[in-house]
Amino acid sequence: MRRIAIFASGNGSNAENIIRYFNEGDHGAVVALVVCNRPGAGVIGRSERLGVPVRVMSAAEIRDADRMTKVMDEYEIDIVVLAGFLLMIPAFLTERYHDRMVNIHPSLLPKFGGKGMYGRHVHEAVVAAGETETGITIHLVSDECDGGRIVFQARVGLTPDDTPESVERKIHELERVHFPRVIEETFC
């Protein structure tokens, strides 16, 4: 049974979906840990309600190779899933989990990726550009922001009437349907 750590910074809807998928089914893995860099983030309560241990760690603690490695070893982590994690991952972690760390991005990379392009910022940029489609990209994590080999993309059409809020709803639905399954297919 593979052991997953989810790194998340926000509300935690993706994290909850992944936890439910793996911890309530037979999919070859279990979510063993959630790492969060923001005290008070919604992901903390969601994870704890589902019985998954949470470590709230500052950016400095996450960048501390000794400290972070001990946490990952304590929970025997095999796979890392970034689900709305807003910090760059330190090189020692991308090296340690080479080809075993995955991220989801709310656009069709390489469009609307890179520094500062996350969450609502992406949806606003997509609408402002007049795009006729958008989607999600699930990719392996590298040292480059939104870099790494693309594992999966799903698309959704847009209309001139779409707003950042309606785009966000469409993206959340794609994430809910595809992210856990792609994690399973890629690593389990």
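**Labels and their cut-offs**

Student: Why is Phe 85 called buried?
Tutor: Its relative accessible area is 9%. Buried means under 20%, exposed means over 50%, and partly exposed is in between (1.4 Å probe, protein chains only). The value 9% is under 20%, so Phe 85 is buried.

Student: What kind of model do these values come from?
Tutor: The model is predicted: local features need pLDDT of at least 70, side-chain atom pairs count only at pLDDT 80 or more, and totals for chains, interfaces and linings use all residues. Residues are numbered from 1 along each chain as its sequence is written, and side-chain values use heavy atoms, with hydrogens and water left out.

Student: How many aromatic pairs does a search of the whole structure find?
Tutor: The search finds 2. In one of them, the rings of Phe 7 and Phe 85 have centres 5.3 Å apart and planes at 80°. Rings of Phe, Tyr and Trp (its six-membered ring) pair if their centres lie within 6.5 Å; planes under 30 degrees apart count as stacked, over 60 as edge-to-face and the rest as tilted. With 80° being over 60, the pair of Phe 7 and Phe 85 is edge-to-face.

Student: What makes this a link between distant parts of the chain?
Tutor: Phe 7 and Phe 85 are 78 residues apart. Phe 7 is in strand β1 (residues 2-8), and Phe 85 is in the loop between β4 (79-82) and α5 (91-96). Helices (H or I, at least four residues) and strands (E, at least two) are DSSP runs, numbered from the N terminus. Phe 7 is buried too, at 0% relative accessibility.

Student: Why is Glu 16 called buried?
Tutor: Glu 16 has 19% relative accessibility, so it counts as buried. Its place is in helix α1 (residues 13-23). Leaving aside neighbours within four places in sequence, Glu 16 is in contact (heavy atoms within 4.5 Å) with Arg 46 and Leu 50.

Student: What makes strand β5 (residues 101-105) mostly covered?
Tutor: In β5, 5 of its 5 residues are buried. Met 101, Asn 103 and His 105 point one way, and Val 102 and Ile 104 the other way.

Student: How do you know that β5 pairs with strand β6 (residues 133-140)?
Tutor: Two strands pair if DSSP finds at least two bridges between them. β5 and β6 have 4 bridges, in the antiparallel sense. Ile 104 has Ile 138 in β6 as its bridge partner. On the parallel side, 3 bridges join β4 to β5.

Student: Why is Asp 99 called partly exposed?
Tutor: Asp 99 has 42% relative accessibility, so it counts as partly exposed. Asp 99 lies in the loop between α5 and β5.
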